[in-house]
Amino acid sequence: MDGGLRQLPMAALHDGKQFLIENYSIGSIPSVSLTNTRYQPVKNAQILAMGATEFSDLGELPTVDTELKIITQTLWTGESFLNEDFTLINLKTESRRQPFEIIHLATHAEFNDGNPSNSYIQLWDTKLRLNQVRQLEWYLPPPIELLVLSACQTALGNIEAELGFAGLAVQTGVKSAVASLWYVGDEATLSLMSGFYAQLRLPDITIKAEALRQAQLAMLREQVYFEGGKLTGIEGLDVTLPGLGSRANQRLFHPYYWAGFTIIGSPW
């Protein structure tokens, strides 16, 4: 897609009867000629998951701890680093220490126009600026098959940096990136990420974009929802979030909750 169209949530397009996501897996390929088209299954891949629940000058993200545990202990296997361990030096060293094929970052992010240094992903000790992504050296072998940016506006960009952090990560060597176009709610993100990783492990799901599609469809069709603070509808998962108050019973069918996340780079 051209310029401004890349900021549209294609999954939410509707023909009056159905959403586009109900018929197609959707992804954005910035450049076919530069895309790694080699298929590599990720079902046995190890995950490096990092995130933060509390920040000095930003709102808390209380579900991140649960999100990391689900990803690295329940639905998948890997290593997790939370709060004070979610540092720039740890991100650099751990992502190259062993062949992690999947990297998952759960935190705050902000895309701002102007100089690339104005946009950032919040780590525990610093802000990872848009113009610092290349310093992570994710272009070195072995390749990173999947980068998941479980944060706000990580696929949002402008003419100078189209597709934002995710687009730049793909340009610098990451094969596929899952990222968001807008501000996303904490519980909805937990639901989508849990569903995505659960789908990605299924024997008949071989394409990353299809795993994301199935997770989105489950929310759209009200198969995944919160009831009494419990996340319901994902097989093998028993998660209850305390302190949700009025959000303890949530139906997540509206596109606001699921359409903001998209896959950039190789859809497979």
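Predicted model: local features only at pLDDT ≥ 70, side-chain atom pairs only at ≥ 80, totals over all residues.
On the α1 side the contact is made by Thr66, Glu67, Ile70 and Ile71, while α4 brings Thr189, Leu190, Met193, Ser194 and Tyr197. Sorted by class, the residues of this contact are 5 nonpolar, 3 polar and 1 charged.

Let me step back to the whole chain for a moment. Its secondary structure comes to 6 helices and 13 strands, and of its 268 residues, 53% are buried. If we take the contacts with a separation of 6 or more, 74% of them are between residues 24 or more positions apart.

Now back to α1, and to how the helix sits among its neighbours. Its buried residues are Val64, Glu67, Leu68, Ile70, Ile71 and Thr72. Viewed down the axis of α1, these residues fall within an arc of 170°, so they line one face of the helix.

Which of its residues are buried? They are Leu88, Asn90, Leu91, Glu94 and Ser95, and, seen down the axis of α2, they fall within an arc of 160°, so here too the buried residues line one face of the helix. They pack against β1 (47-51), β2 (78-82), β3 (102-106) and β6.

That brings me to the strands, and I would start with β8, residues 176-180, where 5 of the 5 residues are buried. Both faces of β8 are covered, with Ser176, Val178 and Ser180 on one side and Ala177 and Ala179 on the other. This is the arrangement one would look for in general, since in a regular strand the side chains alternate between the two faces of the sheet. As for its neighbours, β8 pairs with β7 in the parallel sense over 3 bridges, and Leu146 stands opposite Ser176 in β8. With β13, residues 261-265, the strand runs antiparallel, joined by 5 bridges, and Ala177 has Ile264 of β13 as its bridge partner.

There is also an open sheet of 3 strands, in the order β4-β5-β6, with antiparallel pairing. Its edge strands are β4 (109-110) and β6 (127-129), each of which pairs on one side only. Between β4 and β5, residues 120-122, there are 2 bridges in the antiparallel sense, and Glu110 has Tyr120 of β5 as its bridge partner.

I will finish with the loops, where a few backbone details deserve a careful look. For context, most residues other than glycine have a negative phi, and most peptide bonds are trans. Asn83, which is not a glycine, has a positive phi of about 55°; the residue is placed in the loop between β2 and α2, and is buried, with a relative accessible area of 10%. Glu137 likewise has a positive phi, near 60°, and lies in the loop between β6 and β7, but Glu137 is partly exposed, with a relative accessible area of 36%. The loop between β6 and β7 also holds Pro142, and a cis peptide bond joins Pro141 and Pro142, with omega about -5°.

Is Ser246 buried or exposed? Ser246 is exposed, with a relative accessible area of 73%. Its C-alpha atom is separated by 9.5 Å from that of Gly229, a residue 17 residues apart from Ser246 along the chain.

Conventions: Residues numbered from 1 in each chain as written. Heavy atoms only, no water. Contact = heavy atoms within 4.5 Å. Helix = DSSP H or I, 4+ residues; strand = E, 2+ residues; numbered from the N terminus. Nonpolar A, V, L, I, M, F, W, Y, C, P; charged D, E, K, R; others polar. Pairing = 2+ DSSP bridges. Buried < 20%, exposed > 50% of the residue type's maximum accessible area, 1.4 Å probe, protein only. Arc of directions from axis to C-beta.
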